[in-house]
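Please work through each task before reading its solution.

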Amino acid sequence: MNDLTPDQTARATALKGMGSSRKRVEDARFTQGKGNYVDDIKMTGMIYGDFVRSQYAHARIKGVDTAAALAVPGIIAVLQAADLAPLGLHWMPTLAGDKQMVLADGKVLFQGQEIAFVVGETRAAVADACELVVVDYEELPVVVDPFKAMAAGAPVLREDLAGQTKGPHGDRIHHNHIFRWEVGDKPATEAVLAGADVVAEEMVYYHRTHPCPLETCGCVASMDKINGKLTMWGTFQAPHVVRTVASLLSGIPESSIRIVSPDIGGGFGNKVGVYPGYVCAIVASIVTGRPVKWIEDRMDNLMATAFARDYWMHGKIAATAEGKITGLWCHTTADHGAFDACADPTKFPAGFMSICTGSYDIPVAYLGVDGVYTNKAPGGVAYRCSFRVTEAAYFIERMIEILAIKLNMDAAELRRINFIRKDQFPYQSALGWEYDSGDYHTAWDKALKAVNYTGLRAEQATRLADFKAGKTRSLMGIGLCHFTEIVGAGPVKNCDILGMGMFDSCEIRIHPTGSALARLGTISQGQGHATTFAQILATETGIPADQITIEEGDTDTAPYGLGTYGSRSTPVAGAATALAGRKIRAKAQMIAAYLLEVHDNDLEWDVDRFVVKGVPERFKTMKECAYAAYNQAIPGLEPGLEAVSYYDPPNMTYPFGAYICVMDIDVDTGVADIRSFYALDDCGTRINPMIIEGQVHGGATEAYAIAMGQEVAYDEMGNCMNSTLMDFFLPTAWETPHYTTDHTETPSPHHPIGAKGVGESPNVGGVPAFSNAVHDAFRSFGLTQSHMPHDHWRIWRIANQLGLHE
Amino acid sequence: MKKMHIELTVNGQPMETLAEPRELLVHVLRERLGLTGTHIGCETSHCGVCTVDMNGKSVKSCTVFAAQANGATITTIEGIAGADGMHILQSSFREHHGLQCGYCTPGMITRAWRLLQENPSPTEEEVRFGMAGNLCRCTGYQNIVKAILHAASEMSAKEAAE
Ligand code: FES
Ligand code: FES
């Protein structure tokens, strides 16, 4: 922007458009306790609902005695599957093409499953009554291990699918099998493996965890019997999809359903799915004619809604003796729990796991994924992730490290010689993706230089020598990661959720006095959309961001969109916003031409105005054009200044980054002290650097949690071992590391403003960086792979098993 | 369960309500007194989003019974700002991007407000330790810590000037 005259610069700065670290407009209300989250909603006559949940992971329900519960003062009803069956609502479709019990229909399949929905006047009465419902269980054998679930004599979990050898994603080869999904060239890959100089093979497990936003899921459903309108407020990351599902399930026309996402206290993928609580709240409201509120408590949240990951990834990577990768093979066993409730685009039952060739030019590859039922909670959501990209990135970044060990090479150098080169973009990956743009070598060199990589390796060698000499009990680990993401789902031709193409939308109204209102199909859960989308529009239309109101999340007013998850808001809705802004500008240009009595083509755009070419003193500002749009009869033009854009992205976007973590590990206690964490992100054009940095801090902290301690584990009986914040690790300010952020900027060539999305990158790249650092600390003692989470005990155990405690 | 009469001073205002003795303070504040700025994240005293100030100490209001709070002086997020607008901590959280979804923010600010009275010029370590009872899932804490440290120095400077 060096060619701007000072006047232009001043005007551009005043807009607070793209590239400015504009302070957030959301913050005034949040810092003063004036947010409006779903549990803050209070309505006249509102009643409450809560679940009786299964204590067992697998059991037949022989009877449910509700008499004592119904006798509690204030209790109105106790709903069971039989009450929902006449409406056809005792089961519901999942986003993955499976179906899920809303309330236990004869049996339960995981601990915490919903059995009955108690409705009453107060929360306390409902809680008391839930305790008094007596369920008669007949225990059945439990399977929590996906490999055992696929054994010949394994118990049948989904009796409702008996005899069905075909599922929504092809053949089922076993009664606990969900799907097999294959991509790439298996014979060619296996031929390469057979003839390779070097093959590294390992089982890489990405454990089960949970997004755990601080606000749990919940809703208020209100059926107005007079006008037949159903309104539901709730923690919905995709409100329009919820409306469509609600309509399909209930038969109520979409025009009579209003879904509202108020402020959302973090989502991270937890709030994409449709949960039994929503269905039961709707039914209870229809039955009672009163608004019904359902809010999960933390145990409900951790036990029943939306786990993430749980992928067993068996990998083989082939290379020449010099380290050039020649092929990649992966077979994944995907534990989906009791119902396949993944939130993936329909045609991708394992999400975008096929991005597992990562940042590397790998000529041939194969990926096979088998989805399996177990007696664990359903889900498989994209926890701060674009549909299994986190799993893919962890897999390839571990395989690279394991290959480096096998080749006895430096892992940074091994990455460098295999990166896709800048001149290879757009790049066709062996597993079918077209990477839009990238400059990996530049980013990598910048990162290595920034952390003084050579110096770190020298220090590590000294430390190791000291350790061996008995001078220290601490080891040093350097965790490298270069990730490539695939976000911005996605092109309607191959991406849909329940048949809805994954476009997104923006609708803009410019008011006569020059301020604006824009509505989008997405919904912020902390990303600051009200701030950043206004910045895009400010740059596109010349209206100051401070005069642009952004609204999202109300299906009665917002245009249809697929919502916010998978880092899709900026790539998809951001593009719609820019294009809608351009439509506004195109009409404004005709207005300006009329007012200035020149031809359209004689005008040029200058920050916030149209100027007659070569006559800078003759111009009309956007504000003037807006006024004219409403107060002048302009021949050939309709009054008003509005635009709408539905954007179908031609391709995904491929953000990337280079992360380096340095940690010191106490061999005797297993405590890992994160000394530094450097994160370089390339998310294309940067809209608000302050917000990008905040996203990186937050995502990296979630990565830190996942890699270093967070998990949802089950014992052999199917008891969930991490159902409170006592057992489920959320790091505090005390142990959370300090982050250094950096960037390069490689715009997406196909995106109207070149933006790629960033919210999930730090989680995708952070987990391998932390995990690789742990592994790296023990590399010289022969460690190749140890499963996450790397809590103190597991790190201690690595040291112990390597004989370092003698 | 029989209700009891509870009297409190909340944000400088005398307030009274009927509540079951087993009711949690956070529910009394949110449901009976309509002060929904204080949130709920776990009800097991781990997350700190329910933090309020009770008789000069930070407490997790999900772990205080209504009966225990009877007669107490309480400050919630709604009472932090003064007549002259946002408290320095509030503007500092905004200035330094110390919040994203905002769900932890009321508890964070209310806790930081007490922390800075206990220790007006804390080090980064002291802030991190003093805030460890309040979880945030969005920010990674770095900007929260920054916001509190800036607020501390701004408040000291303001005090020195007065
Ligand atoms: S709700 Fe009180 S500490 Fe979490
Ligand atoms: S800002 Fe979302 S939990 Fe802290």
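**Exercise 1.** Determine whether Cys481(A) is buried or exposed, and state how many disulfides a search of the whole structure finds.

*Solution.* Step 1: the relative accessibility of Cys481(A) is 0%, and therefore this residue counts as buried (buried means under 20% relative accessible area, exposed over 50%, partly exposed in between, with a 1.4 Å probe and protein chains only). The model is predicted: local features need pLDDT of at least 70, side-chain atom pairs count only at pLDDT 80 or more, and totals for chains, interfaces and linings use all residues. Residues are numbered from 1 along each chain as its sequence is written, chains are lettered from A and ligands numbered from 1 in the order in which they are written, and side-chain values use heavy atoms, with hydrogens and water left out.

Step 1: over all chains, the search finds zero disulfides, a disulfide being a pair of cysteine sulfur atoms within 2.5 Å. For Cys481(A), the nearest cysteine sulfur belongs to Cys661(A), 11 Å away.

Step 2: Cys720(A) is likewise in no disulfide, and its nearest cysteine sulfur, that of Cys212(A), is 11 Å away. Cys720(A) is buried, with a relative accessible area of 11%.

**Exercise 2.** Give the strand order of the open sheet of four strands in chain A, and explain why β23(A) and β35(A) have one side without a neighbour in the sheet.

*Solution.* Step 1: the order is β23-β33-β34-β35 (chain A), with mixed pairing. Strands are DSSP runs (E, at least two residues), as are helices (H or I, at least four), numbered from the N terminus; two strands pair if DSSP finds at least two bridges between them.

Step 1: β23 (474–484) and β35 (739–743) of chain A stand at the edges with a single partner strand each, so one side of each lacks a neighbour in the sheet.

Step 2: β23(A) and β33 (residues 656–666) of chain A run antiparallel and are joined by eleven bridges. Within this pair, Thr484(A) stands opposite Phe656(A).

**Exercise 3.** Describe how β1(B) and β2(B) are connected.

*Solution.* Step 1: β1 (residues 4–10) and β2 (residues 13–19) of chain B run antiparallel, joined by seven bridges; Glu7(B) has Glu16(B) as its bridge partner.

Step 1: the two strands form a hairpin with two residues between them, and Asn11(B) in the turn has a positive phi of about 50 degrees.

**Exercise 4.** State what distance separates the centres of domain 2 and domain 3 of chain A.

*Solution.* The centres, taken over C-alpha atoms, are separated by 37 Å; the domain bounds come from an automatic or database domain assignment.
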